[in-house]
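Student: Could you show me how to read the features of a protein model, one at a time?

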Amino acid sequence: MLHRSVFPIALVASLLPVGANAFEIGVSYDSLNDPRTPIEGLARVYFGRDIGHGISFGQSIYAGAKGDGGGAFFWGVEGVKRFALSDRLSLNTSLFLGGGGGAAVVVGDGFMTRAGVGLGYALSDRVDAELGASYINIAGADIENTALNAGLTWHIGAREGQRALTGSPLSMPLRSVTIRGSYADMGGSRDRTGAAQANLKLAGAEASFLLGGRNELILSADGAASGGEGYMQIFGGMRHRIALGQRASVYGQAALGFGGGGLVDTGGGVLLDAGLGVSVALLPWADLDLSVGKTIAPDGDMNATVARVGLTRVFRRSIEAGPVSAAPQRWAYTLGISMQDANAAFRKPGATATGNPVMQESSVDLFLNDNIYVTGNAQTALGGDVAGYAIGMLGLGWHQPISDRWSVSLEGRIGAAGGGGVDVSGGVIGSVAIEADYALNDTMSLSVGLGKIKALKGGGMAPTTLTAGLKFPFTTH
């Protein structure tokens, strides 16, 4: 569903491309000790900003990766603190707070906490290997377990005492952001009930980062618009591109990811994806992308042939070439909490819960000019007895400064929602919102907003929303 697909790309686009600052990408796996649920292991992807003194802060996504819990996703904020023990060895601690659900294994609130401790060993000045242990608790699931974990962390940009390696492969400049649609022919796949799996229509987004040598790091997420309500997938992988003149290129790619939901049988949740594609330049800063490939679940019954079409905003075509536009690109990233005032028809018939949902909300805005911007918004439940309830929307906004520190914004968005027993009347939703921002300094604003979300296919959910958060404006070059 699009309601979950926007979040990872919004997160990546907001955290990574900021000039010479230091960032981290962490991947790891937690093996749960004696779990009482179908989830036996969780994969983690962490995007964090190095704020100095061995501390980084950002957001993480945890996904079911072993057992029979494919489709369980949890995301939220995470902080990491490293204590140097020697030139290469460190003691690492971390704390994650977030929420989510899925795979029919979480009921109630879905609030997740994870505390970790471990050792890190520097394989190079940019890559650390890590081993440790963690304690994981998920409200509404039989998960209150210790876990053993292992992972890798990549340090990008300028760390303390270092100069930014601008233009080098380690700087990983943002190449492009893509909005895409996919059609997955499921062939003879069966769903979790044993019935024939319907073909999927997916909507999603992708971010690509340049590594040098025509290689790219790709991060993507997609959700089902039809054929598997509640299905979501996220991928990370590599792409190699070959130029065909000035206006076209071909590429091959391979990716590892996690997915599930909507009765799509992905087993424990691990997915493999590979494909071939072509990019055609429509404008110096815009491409049309077409690709075909395969997506399979090694321990599930998903075997899909996938065709994708995407519209791509290009920022830089190679590390050696400069940006396609001399003007810096303006962005804004918002992290907040929202409360939904549930209407009488908010929940599906027969649901007994009555609480008002509390949501974690993340947005990324890409400015087209001084006032107009494209926005992506994703939300997941932290409380209110709606575990697994999530929202994702894309839209347009108008930003208007009204003084040196105050500004207002109006947004109109469309997307999808589902999960948690909420009556989304098929899943398609619309939203309008107004926000007021107060600039605390040049890099951070306090933001509050009032809005309305409504299912567009008949009755069902139509909550009024109140949001408060922090907004971080920045530019890329």
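Student: Over how many bridges do strand E14 and strand E15 pair?

Tutor: Strands (E, at least two residues) are DSSP runs numbered from the N terminus, and two of them pair if DSSP finds at least two bridges between them. Here E14, residues 270-283, and E15, residues 286-296, pair in the antiparallel sense over 11 bridges, and Leu272 stands opposite Ile296 in E15. This is a predicted model, in which local features need pLDDT of at least 70 and side-chain atom pairs count only at pLDDT 80 or more, while totals for chains, interfaces and linings use all residues. Residues are numbered from 1 along each chain as its sequence is written, and side-chain values use heavy atoms, with hydrogens and water left out.

Student: Which closed barrel do the strands form?

Tutor: Eight strands with antiparallel pairing make a closed barrel that runs E9-E10-E11-E12-E13-E14-E15-E16.

Student: Is Ile179 buried, partly exposed or exposed?

Tutor: Buried means under 20% relative accessible area, exposed means over 50%, and partly exposed lies in between (1.4 Å probe, protein chains only). Ile179, which is found in strand E9, residues 174-185, has a relative accessible area of 45% and is therefore partly exposed.

Student: Which residues does Ile179 touch, not counting those up to four places away in sequence?

Tutor: Contact means heavy atoms within 4.5 Å, and by that rule Ile179 touches Gly204, Val309, Gly310, Leu311 and Leu394. The C-alpha atoms of Ile179 and Val309 are separated by 8.7 Å, although the two residues are 130 residues apart along the chain.

Student: What pLDDT does the protein average?

Tutor: The predictor's confidence in each residue, pLDDT, runs from 0 to 100; the protein averages 86, and 92% of the residues score at least 70.

Technical notes:
Helix = DSSP H or I, 4+ residues; strand = E, 2+ residues; numbered from the N terminus.
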